Each structure stands twice: as C-alpha cells, then as structure tokens.
Amino acid sequence: MDRGHYKIFLGMAAGVGKTYRMLQEGQAEAVSGRDVAIGYLEPHKREETSAQARGLEVVRRRPVIYRDVEVEEMDLPALLARAPELALIDELAHTNAPGLEHEKRYEDIADVLAAGIDVFSTVNVQHLESLNDQVAELTGVRVRETVPDSVLGTADEVVLIDLTPEALVTRLRAGKIYPGENIDAALNNFFRIENLAALREVSLRQVAEEVEAKRLTLEAGEQLGTREERVAAEAPKAVGERLLALVRPQPSAQRLVRRAWRSAQRLGTDLDLLWVKPPGGPIEGEVERQVTALRQLASVLGATLLIEEHDDVVAAVARVVRERGSTYIMVGESLPRRGLGRLREPLPQRLMKATPPGVDVRIVAHRGLKEGDA
Amino acid sequence: MIEHFLVGFALLLGLFGGYLIASSRWRGKRSERPRPVHQILLPFTGTEISRRAVDAALRLARAEDATLMPAYLAAVPKQLPLDCAIPKEAAQAMSMLEAIEQRATGQGVPVDARVERGRSYRHALSRLLEHEAFDRVVVSATSTGDDAGFSGDDLVWLLNKAPAEVLILRPGPEDHRVLTA
C-alpha cells in the first residue's frame, strides 16, 4: 500500500490561520469529490475556524481519563476504520494522554499515512525541537510540546502560513485568537511585535531550507545517501562566505560551536574555530582538557581549530579574518564587565572596527532561563 | 601646594597599581587550585535517549553538585579513517546534545558535552574513558540488545573497565519517553 500524501501547514504563532487554511483546502478537496474527514480539530472557540469546518465529517473523539479529568483525544482506531481518502488532523505536536497507542500525535499521523490515507496537519515553528531553544531565546517563552525536525522532513509539502506581525496583533486585539480577558496578557508577553518578527524570520528560514532540501533531493534523483548528505554535498556554496567562531577552552564554548556549525551548514560554508590564547604559560590541566575536547569536536564536525597566541584578541582575530577570508564572526556573550573593563569598548564593536568592511559579527547569548521558562 | 597634591596623587596611583597587581595574582592562584573531579558521564548512541536515564543523571548531578557529561558515541565504518569528519552523525549528536543541555539548564546543572568516535560504541567509550575522569556513569538498560545501543556484553565490559560507579537503570514502564534528535 502506498503511503499517504502528507501536507503540513506551518505557522509562526497561534492565530496566523493554519487550521483555517487546512480546513479551507479540505473543503476544496471535498468539493472536488474526494472523501475528506476531520480526524481531530481544535477550533479554540474561534468562530471563523468552526464555520470553515461545517459540512465536513468529523470522526468522533475518544474520551480518556487523565488525572481524574476526562480529556478528548483523536480516536486513531476509529479514523483508521473510517479510512477516508484525506484526513485533517490539527496540532501534530500534541502530546496524547497516557495509555493511547502513541505518546505524540505525529506518531498517530504516521500510522494514518502508513494506511494510505492522505493527511493535512498543522504545527507552529516553536514546536520544532532544534528551533525550540532558539525560539525560547528570541521570545523568552519555551514550549514544552516539541517534535523532532525529521517530522517536517517526512512531509511531502510544507506550506508556510505567513502573516505580518502587525496583522497578527490586529487579529489578537479584535478577539479573533484569544477571549477578551487573555488579550492584554498575550500582547504583553508572547505577542510582542519584536517576538513575532523574530518568529516570522525563523519560520521563513525553516521553510526556505525545506524547499531547498526538497529541490536538491529531486535533482539528485535516485542517488544513494540520506537527504542530509545529498543536501550537504550539493548545496551551492554561498559566494565567499566563511564562518569564524571565537572560542575559549571552557564547556560553554561547545554550545557556541554547535550554533556556529548549524549556521555553517545552512550557508553551506566552512567553519573555523579560533582561540586567542594569552601569551606565556603552557596549555595544561583543565585548559588542556577543554582544548582537547574542542579539537575533538572540531574534527567530528569537519571544522578547523586555530590557536593563536596573542595579547590582543582583536588584532589576532583581524589577522585571522584576513588570512582565512572569513565573512562572518560568531562570538559568545561577554561576562558582565567590571572595574576598568567598563571603560573599554565591547568586543563586538572593536571587532567590527578592526575587520574589513562586510564582515558580520553575531553574538550568541549564554544559555539561561528567561522569563516564561518553567 | 601643587607639590603636595602631586605627591598625594602619585601615592594614590601607586596604591591602586599595587591593588591591581595583587588582585590579578590572587585570581591567578585561585585558578591554579586543583579542581576535584566531579563528573557524571551519560553515554548514548543513535537518535534518542531514555528520558529516565537523562533525568536520573541530572538528579545525581544536582545532588552532588557535579557536571553532567553527555557523550555521543559514534561508530566510524572501517573503510573511513577514525578521525574523519562525520557530518551526518554530528547532526544527530548536536541535536541530541542540545536537547540534553536544554533539560539540564532548566535544572541548573552544568554540562560539558563530548562526541567520541570509535570503530564500535564500546571502542568509542573506551577511548573516552582513556582521557576523561568520572565519578559515575549512567546507562539505561532499555537500550540494550538493539543495534543502536549498548549490548549486554558492552555493559559487563563497562562494569569491569570504568574507573567509576556505574549506574545501570533497569527497564521501566516509562521507557517509551525519550529525548529525540
């Protein structure tokens, strides 16, 4: 039996219209004669969404007792028994109540697809595991329900439901997303324009990468290897781009390296790691251990670890940037400056001045709990 | 009058300089103090790890004020050099380490991650044990017996070879809960 066709509607936040669009397309399929059923719908008491679902058959939900409370979950066996041509299943990142067939809804969806049923589903970008951390840093809010990025990779189509932050806030103010009593809290927390703008950028980038990956996979035809390998092998190198990450021999540097490597992968460029070691003194003890760990990590990632002995970090970096042709520098967040250090210009600014024009400097924040984390 | 002022200023400058030199030496000595080994190793392979194992390691680390060292073990095929780059495995490792670090940060546990290569998972673990020191090793028995994890033989080997306490978590009903890449 052929696997069903899988289409995911991806959004930057609640209220952009993913479910609405999914239902709209479901209606269009039904009008064209296909057998469409709603496997699970979460209308969030939004009138427009409920209206869009009218006329479509809804597979009954399954009541489950969880912590003495009855909750309703998607009834996977009932949906499989009903076997429509196309099933609409909302919120693929949802975690099922214990005792059902699977822990997560995206796993239920895999069963539905395996049964040859086409599926339309929805998810917000902050639920993607690899982006969860980045989104938490951008917005200060971390979501608990995450799904592996590979779930997006299994979709035949990923449709980005895009909306400008201003339009989304207008929808929120009009009470189209949350009930009136929750609007102010939402506007002051997650739904700030700067948060939404950052989320929008992350969503656009994610879908752009998916499109690129799919295009290259199609071009690669029947070649062997995984999708990641083909993408890595065939992605055209960004013209002249080269990343340089400034590290120090300490555990927190590993996170910076991971972030830098991910960026390098996206750009299809090489990555250099640079530690500017203060002059004098052998590399030994804990420092030696951390340098070994960095060297090992660089080797695993295919990056190059450079150690330059110099008493002026900025001068050393500027020289390496010129020698290696780096176009992008990533630095960790500085510790709070004390004493006379407060009088000095911050490192990123000094780097911008000392390096050739066109070299970007990006600061990677320390990992830490922010407001909204729990 | 001006001379007195200049002398006073010079004295102040001298005192401040002395303070700077003394404080930098004190800081230097402080960093030279030997640090007690206080690390908990959490080796894993593949694209998922038992959440129970991660939580057990985090509980221990928090109770003992220790650093968690999640270590991704990668098996490099024999036809490739042992020190070659492994981007596919690295992508898995980075996502897994990110997920573990995220969980650890939420609980205030410091993390010092590793990726170790070997011809087999046991070989990678053995290489790691050669150059790192631990107080505890936490391994989940749920991963035994399948291709992606440690075999029973691997665990026996670990018990014999690891110069640390080895905590093997017996299979539990919550083992379907995993951290994934």
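Student: What makes helix 4 of chain B roughly parallel to helix 5 (residues 152-161) of chain B?

Tutor: In this predicted model, helix 4 and helix 5 of chain B pack at an angle of about 15 degrees, their axes 11 Å apart. Axes are lines fitted to C-alpha atoms, for helices over the stretch in contact, and angles run from 0 to 180 degrees between N-to-C directions. Angles under 35 degrees count as roughly parallel, over 145 as roughly antiparallel, 65 to 115 as roughly perpendicular and the rest as oblique, so helix 4 of chain B is roughly parallel to helix 5 of chain B.

Student: Which residues meet where helix 4 of chain B packs on helix 5 of chain B?

Tutor: Y121(B), R122(B), L125(B), S126(B) and L129(B) of helix 4 meet D154(B), W157(B), L158(B) and K161(B) of helix 5. Contact here requires C-beta atoms, placed from the backbone, within 7 Å. The residues of this contact divide into five nonpolar, one polar and three charged. Ala, Val, Leu, Ile, Met, Phe, Trp, Tyr, Cys and Pro count as nonpolar, Asp, Glu, Lys and Arg as charged, and the others, Gly among them, as polar.

Student: How do you know that strand 1 (residues 39-44) and strand 5 (residues 136-140) of chain B pair?

Tutor: Two strands pair if DSSP finds at least two bridges between them. Strands 1 and 5 of chain B are joined in the parallel sense over two bridges, so they pair. I40(B), for instance, stands opposite R136(B) in strand 5.

Student: Why are strand 4 (114-118) and strand 6 (165-169) of chain B called edge strands?

Tutor: The open sheet of five strands in chain B has the order 4-3-1-5-6, with parallel pairing. Strands 4 and 6 of chain B each pair on one side only. From one strand to the next, the twist averages 25 degrees.

Student: What lies across strand 1, strand 3 and strand 4 of chain B?

Tutor: Helix 4 (residues 121-131) of chain B does, running at about 125 degrees to strand 4 of chain B. Helices (H or I, at least four residues) and strands (E, at least two) are DSSP runs, numbered from the N terminus.

Student: How many bridges join strand 10 (residues 271-277) to strand 11 of chain A?

Tutor: Six bridges join these parallel strands. L274(A) has L306(A) as its bridge partner in strand 11 of chain A.

Student: How are residues and chains labelled?

Tutor: Residues are numbered from 1 along each chain as its sequence is written, and chains are lettered from A and ligands numbered from 1 in the order in which they are written. As this is a predicted model, local features need pLDDT of at least 70, side-chain atom pairs count only at pLDDT 80 or more, and totals for chains, interfaces and linings use all residues.

How values were computed: Two residues are in contact if their C-beta atoms, placed from the backbone, lie within 7 Å.
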